[in-house]
Amino acid sequence: MVMRYIISIMGFLLTFMSCSSDKCDVRALCVRDEIGNYIIKWETNPQIKGTVKVYVSDTPDKFDMSQPVIYADIQNGVARYVTQDNLKRKYFRITFNDVCPQDIAARYSFMDRIQNFRDLGGYSAQKGKHVRWGMIYRSGCISQYSDRDSIRLLLSGIKTIIDLRPQEEINERPIHFPNVKVISMPILDGNKEDFLERLMENKVRKRDGKIYLEDTYIRFVTECSESYAQVLQIFLDEANYPILLQGTLGKDRVGYLSALLLTMLGVPYDSVLKDYLASNQYIDPSFMSQTVSSLSSDAQETMTTLLLVDESFLDIAYKEIDKQFGSFKEYLEDELDLSAKKQEKLKDILLR
């Protein structure tokens with residue numbers, strides 16, 4: 001499972017930055033191995049010779065540039081940072097011949113009892129800027145966190161948790177975390193209870209799960225704009241950061257909201273989609289194995305679909321935005337109450 005996470009994360013944790021001084025492009029990523037050490041990899045185009053210096057910090061915006069923790073040959077393409085601390089997250093700044101500084105981190109965080117916990121930072125945006133690390137996290141429900149998960153959450157510095165689950169789920173599994181503001185902002189998910197009841201009675205066909213989720217994403221656009229607009233206002237207050245977006249599995253309501261935020265920040269759609277689809281790698285469906293074992297093959301396939309995300313779900317939502325509002329810009333301004341001025345404020349907060 002861990003190796004699958006590491007392999008998959010390498011596909012989308014790529015950050016690009018132009019090195020104007022050396023006229024080179026750098027591609028770098030950071031992952032963690034099975035025991036928690038950090039693996040930093042890079043490529044330059046064109047290939048250059050010289051020295052990579054790696055600096056480490058416990059916070060994403062402050063590095064002691066007088067003390068590199070690693071020196072490496074640029075042509076080696078890889079360095080390892082060994083740590084005995086598997087709870088506190090590390091951030092890295094790497095330079096190439098003392099130029100082309102690039103800040104990276106391992107986006108996914110291993111948790112004991114929390115699904116799909118990761119950072120929205122690091123993605124390239126417009127005008128050479130990047131989404132700041134350690135500002136917005138996304139995850140599945142954290143209500144059953146372990147003691148070690150509690151420490152990891154505490155060390156992340158999260159000040160606000162936005163809970164997007166339906167009110168029934170919030171009542172059944174409320175979120176309690178010390179010294180953190182929990183804001184319940186339920187997003188409707190249609191007739192989920194009726195659909196699950198039909199599923200457990202083997203009254204579904206193979207494609208029903210995909211149709212249900214496609215309809216859900218259309219409802220996000222057509223019926224949930226007011227709720228999403230209220231959520232987005234929370235991001236305008238710098239005192240609320242860092243913020244954790246959490247849902248049942250952190251893939252649909254959270255996935256859609258994360259996509260809206262990244263798109264608004266100017267992150268290319270390919271990167272938005274990669275972040276969205278990454279939920280398929282970071283959700284462990286084994287918790288449902290006993291439940292589905294007695295179901296028909298059609299019902300099992302439907303349940304599998306409900307535990308995954310698909311490119312078509314996000315695509316159908318964005319097409320519905322264009323259909324209903326003419327453009328994503330109009331949707332933000334007219335339906336989600338994010339004026340151009342508010343969007344610029346969010347960019348000031350979340351980009352660097």
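In the predicted model, Arg 107 lies over the face of Tyr 123, at 3.9 Å from the ring centre.

Contacts between rings are also present, with 19 aromatic pairs in the structure. One of these is formed by Tyr 38 and Tyr 81, whose ring centres are 6.3 Å apart and whose planes meet at 55°, so the pair is tilted. This pair links distant parts of the chain, since Tyr 38 belongs to strand β3 (residues 38–45) and Tyr 81 to strand β6 (residues 78–81), 43 residues apart. Tyr 38 is buried, with a relative accessible area of 0%. Tyr 81 has 18% relative accessibility and also counts as buried, because the limit for this class is under 20%. A second pair, Tyr 318 and Phe 328, is stacked, with 5.7 Å from centre to centre and 20° between the planes.

Asp 98 and Lys 53 meet through their side chains at 3.0 Å, N to O. Asp 98 is in the loop between β7 (91–96) and β8 (99–104), and Lys 53 is in strand β4 (residues 51–57), 45 residues apart. Asp 98 counts as exposed at 51% relative accessibility, whereas Lys 53 counts as buried at 19%.

A salt bridge also joins Asp 61 and Arg 132 (2.6 Å, N to O). Asp 61 lies in the loop between β4 and β5 (70–73) and Arg 132 in the loop between β9 and β10 (136–139), so the contact ties together parts that are 71 residues apart in sequence. Asp 61 is partly exposed, at 37% relative accessible area, and Arg 132 counts as partly exposed at 21%. Both residues belong to a network of salt bridges that also includes Arg 93, Asp 103 and Arg 352. In the salt bridge between Asp 252 and Lys 251 the N to O value is 2.7 Å; Asp 252 is buried at 14%, and Lys 251 is buried at 4%.

An open sheet of five strands has the order β9-β10-β13-β11-β12, with mixed pairing. Its edge strands, β9 (118–119) and β12 (181–184), each pair on one side only. Strand β11 (residues 160–163) runs parallel to β12 and is joined to it by four bridges. Ile 161 has Val 182 in β12 as its bridge partner.

Terms used:
Residues are numbered from 1 along each chain as its sequence is written. This is a predicted model: local features need pLDDT of at least 70, side-chain atom pairs count only at pLDDT 80 or more; totals for chains, interfaces and linings use all residues. Side-chain values use heavy atoms; hydrogens and water are left out. Two strands pair if DSSP finds at least two bridges between them. Helices (H or I, at least four residues) and strands (E, at least two) are DSSP runs, numbered from the N terminus. Rings of Phe, Tyr and Trp (its six-membered ring) pair if their centres lie within 6.5 Å; planes under 30 degrees apart count as stacked, over 60 as edge-to-face and the rest as tilted. Buried means under 20% relative accessible area, exposed over 50%, partly exposed in between (1.4 Å probe, protein chains only). A charge sits over a ring if NZ of Lys or CZ of Arg is within 6 Å of the ring centre and within 35 degrees of the ring normal. A salt bridge is a side-chain nitrogen of Lys or Arg within 4 Å of a carboxyl oxygen of Asp or Glu.
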